[in-house]
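Reader: I want the criteria behind each label. Please set every value against its definition.

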Amino acid sequence: MKKTHALIAAAATAAVTTVPLPSTAQDAYANPVTSEVLQGWDMPDGRRVAALRLTLEPGWKTYWRSPGDAGIPPEFDWTRARNLQAVDITWPTPKVYDQNGMRSIGYTGQLVIPLHVTPTRSDKPVRLRGTMALGVCSDVCIPHEIDFDTLLDAPDARPTPAIVAAMADVPYSENEANVRDATCRLRPTDHGMQIEAHVTLPHTGGHEYVVIETGTPGLWISETKTQRRGDTLIAVSDMVHPNGGAFGIERSQVRITILGGDYAVDVQGCTAG
């Protein structure tokens, strides 16, 4: 996967440096995405709901938290923030794209990422200062970084419509989607481990894409192979640690996202199959 990203980055560099572009295209490459922080509102438990709104230039896309084989995973750095104890990120439901024979998962147009911000001291404002490293793609894929710095100091109990809409556009929970069972079978392979997930739920419409996340940092997970057997959706992925060493999987930390044609489902945790 690292090799794939390196090749993509090299191709992007070559395209930018050798192909003459009109001024509008040059502007898009220089700044393919703009951002702003939405202040949001205060919650009774002392947290604040805010959001980062990204606006992508036409023809560009960026990636979900698990971007697929053709994508670059987004990363946040909050070390420069002040009075910030924790940030919980909510990702709206993404779309699946085919890119040069590989699958990527992400967004186009405008993306609002809700943030549940927990201050260290609830009686003081939060300085939400940080960076977001992300990949953006048009005819080429390039790494990009966004800097933001906003003081969350406008107390308001009224929900912000754009954030509310983004929070509503998330995968269904297990209860909402009528998930009756979720199991995971783990098998050793020559290079790592294979995971086979069985999720029993009604069909989510069209072609169902499944993404498996394990919560193990740095672990490479292949694109899933999926099939249906009645009400049971079966997804298989191979897992390899980047240094080739051994690793463990906690089934309670496994996250299975089903991206169907009608709706998506978020399954958190599985039992032994």
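Author: Start with the pocket. On a 1 Å grid over the protein atoms alone, a pocket is an open set of points with protein on both sides within 12 Å along at least five of seven lines, and lining residues have an atom within 4 Å of a point. A volume is the space filled by probe spheres set on the points, joined across faces, edges and corners. The largest pocket comes to about 1100 Å³. Its lining counts 35 residues, with R65, S66, P73, G218 and L219 closest to the centre. Strand β13 gives the most, four residues.

This is a predicted model: local features need pLDDT of at least 70, side-chain atom pairs need 80 or more, and totals for chains, interfaces and linings use all residues. Numbering starts from 1 along each chain as its sequence is written, and side-chain values use heavy atoms, without hydrogens or water.

Reader: Why is S237 called buried?

Author: Buried means under 20% relative accessible area, with a 1.4 Å probe and protein chains only. S237 has 1%, so S237 counts as buried.

Reader: What makes S222 a polar contact of S237?

Author: The cut-off is a pair of N or O atoms within 3.5 Å, one able to donate a hydrogen and the other to accept it. The backbone oxygen of S222 lies 3.1 Å from a polar atom of the S237 side chain. That pair qualifies.

Reader: How do you know that β17 pairs with β18?

Author: Pairing takes at least two DSSP bridges. Five bridges join β17 to β18, so the two strands pair, and they run antiparallel.

Note on methods. Buried < 20%, exposed > 50% of the residue type's maximum accessible area, 1.4 Å probe, protein only. 1 Å grid on protein atoms, 1.4 Å probe; cavity = no way out; pocket = protein on both sides within 12 Å on 5 of 7 lines; lining within 4 Å.
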